[in-house]
Amino acid sequence: MHLRRLSLTDFRSYAETDLNLEPGITTFVGSNGQGKTNLVEAAAYLATFGSHRVATDAPLIRSGADRAILRAVIFAAGRDSLLEVEINPGRANRVRLNKAPARPRDALGVFRCVLFAPEDIVVVKGDPDQRRRYLDDLLVALRPRYAAVRADYERVLRQRTALLKSARASGAVPAGALEVWDDHLVAAGAQLTAGRLRLVEELRDLVSGSYSAVSGNNRDTGLEYRMSAQPAGHPPAAAGAPASAPAAAPAAAPAAAEPDAGKVAGCLREALALRRRAELERAVCLVGPHRDELELSIGGLPARGYASHGESWSMALALRLAAYQLLRAGGEDPVLMLDDVFAELDSERRERLAGLVAGAEQVLITAAVRQDVPGGLSGARFEVAEGAITSG
Amino acid sequence: MYEGVVQDLIDELGQLPGVGPKGAQRIAFYLLSADPIDVKRLAAVLVEVTERVKFCRVCFNVAEDDECRICKDVRRDPSVICVVEEPKDVAAIEKIREFRGRYHVLGGAISPIDGVGPDDLRIRELMTRLADGAVTEIILATDPNLEGEATATYLARLIKPIGLRVTRPASGLPVGGELEYADEVTLGRAFEGRRLVDV
């Protein structure tokens, strides 16, 4: 698929802008703070109905305006679709698809993209929640039914935490009250975990292939999903020396069959029973997919803490490229967006990344300096200055 | 802001469920321009409701006497109790005119976030009703959302050990609807609960 047109009204720094886009490569060049990222953010918003930079919608509205409107003409499966979103901070967004009102949930997936952004480095270097978010976002993009599973799980978690807190405050849990939420935590948690486990299996080879392609070396990469509720048959490999754990993990992986939701549910139940006291003392939910970790390793060492800046970047790019390949295998090519990414890479990595993305149906690139973008990526060029976009 | 009592009226109306600030203002000005006799009748009904309507001492449905119309009706089957969250759910189920059993109104659903636990619902009263052995089936008709499901799970865990039949209305595709319009969750539930076709 590709974007044919993108218009922004009162979005971030843009009062009104209208862009015609072509398939292939389009580069937006401009100094920092001119509004390049805002363009990419707008396009990505149409895919997820959320921003990759901020958690709430209020900062997306141009100051002084009370709502922002995004419109895009998307060409996919041989036809154009018009997707319009009115962003109302503090209230529900209004979505229209081909001029007819649509529920945001139903309009998810009309536009699909993979965004590479400077923030991606935190997926490798940051806290585990960043890696869980990477998995969950991709899971929802691939299989939209997980949007409901994820929302259910978060709600169960809030209810159960509220119960634990009130139990700690009053010094007692009403008989049977916690068990009810255990049932629901296990049911929703097992589904979410099983979805993530399957996704990690699908990603493993793609990430390792992409890592070699970007970094130019053949060091092994590893992806291990570690449940906070360890299966009884698989004691945590990390029990001994933490540094040696990921090295052992890839060898064990092929033997472990993909656990189904039923097996995961069993593990969650066991772990809940074990941690019950600690949960009551601390008034926190300690078991479930919200405490799980996706361990990334490069050459047998954990990426987090051990990898160099360059290696971390290669890993971050490999995760996005693998996501792109997975989404692509599901049908239409998603649109690739590279926001100020080349500036972070050395010249060899730049050239290799350029080679990897050059063949995509549509690639949108932003850069502060034209020279940062490898010469192989030629195509339409725009200059961005003070929120105005001109063909350059 | 309006002067004194007009603003008071708008503020009071704004407390009602489903009424926002704009709606409250609209209703207030409608009342101001309406026939004073109509408005007085509305006021009288509001006062009467607060004074006369009580909750049935058996099932906690709204009632004008100690017991509600349904609990007083000897033709209703005493062996089946349908458990619901609110009195409006009783009205909804009564509309199908098929259910001939009795009701029990919990007065809400378990929701720790809102500070509602099992002890805040009329669960103890329900258990007392089950004690005499006349009841053989409990239908858990709480809402099909997370809190309603949690309440149903809680009750099932409590009642099943007594040896009663515990059922829950089916979740799935709306009758007369079209499959393609169902959302994924509903459709998923409907597939889980699929049944054999009798021919």
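Is A:Ala77 buried or exposed? I found A:Ala77 exposed, because its relative accessible area is 63%; my scale calls a residue buried under 20% relative accessible area, exposed over 50% and partly exposed in between, with a 1.4 Å probe and protein chains only.

**Ground rules.** I am working with a predicted model, where local features need pLDDT of at least 70, side-chain atom pairs count only at pLDDT 80 or more, and totals for chains, interfaces and linings use all residues. Residues are numbered from 1 along each chain as its sequence is written, chains are lettered from A and ligands numbered from 1 in the order in which they are written, and side-chain values use heavy atoms, with hydrogens and water left out.

**Positive phi.** Most residues other than glycine have a negative phi. I noted that A:Ala77, not a glycine, has a positive phi of about 50 degrees. A:Ala77 sits in the loop between strand S4 (68-76) and strand S5 (79-87) of chain A; helices (H or I, at least four residues) and strands (E, at least two) are DSSP runs numbered from the N terminus. I also wrote down A:Asp340, whose phi is positive too, near 55 degrees. The loop that holds A:Asp340 runs between strand S12 (335-339) and helix H11 (347-357) of chain A.

**Chain A as a whole.** I counted eleven helices and 15 strands in chain A. Along the principal axes, the C-alpha atoms of chain A fill a box of roughly 65 × 50 × 35 Å. Of the 392 residues in chain A, 51% count as buried. Chain A exposes about 16800 Å², and carbon and sulfur atoms supply 51% of that area (Shrake-Rupley method, 1.4 Å probe; for residues, only the protein chains shown count as cover). Among contacts (heavy atoms within 4.5 Å) in chain A between residues at least 6 apart in sequence, 71% join residues at least 24 apart.

**Domains.** Across the boundary in chain A, 17 residues of domain 1 are in contact with 16 residues of domain 2. For chain B, the assignment gives domain 1 (4-52) and domain 2 (74-196), and the C-alpha centres of these two lie 35 Å apart.

**A:Val369.** I found A:Val369 in the loop between strand S13 (362-367) and strand S14 (380-385) of chain A. A:Val369 counts as partly exposed because its relative accessibility is 38%. A:Thr17 is 352 residues away along the chain, and the two C-alpha atoms are separated by 22 Å.

**Chain B spots.** B:Phe55 belongs to strand S1 (residues 54-55) of chain B and is partly exposed, with a relative accessible area of 47%. Which residues does B:Ser79 contact, leaving aside its neighbours within four places in sequence? I listed B:Ala134, B:Val135, B:Thr136 and B:Glu137. B:Ser79 lies in the loop between helix H4 (69-72) and strand S3 (80-84) of chain B, and counts as buried because its relative accessibility is 18%.

How values were computed
Domains from an automatic or database assignment.
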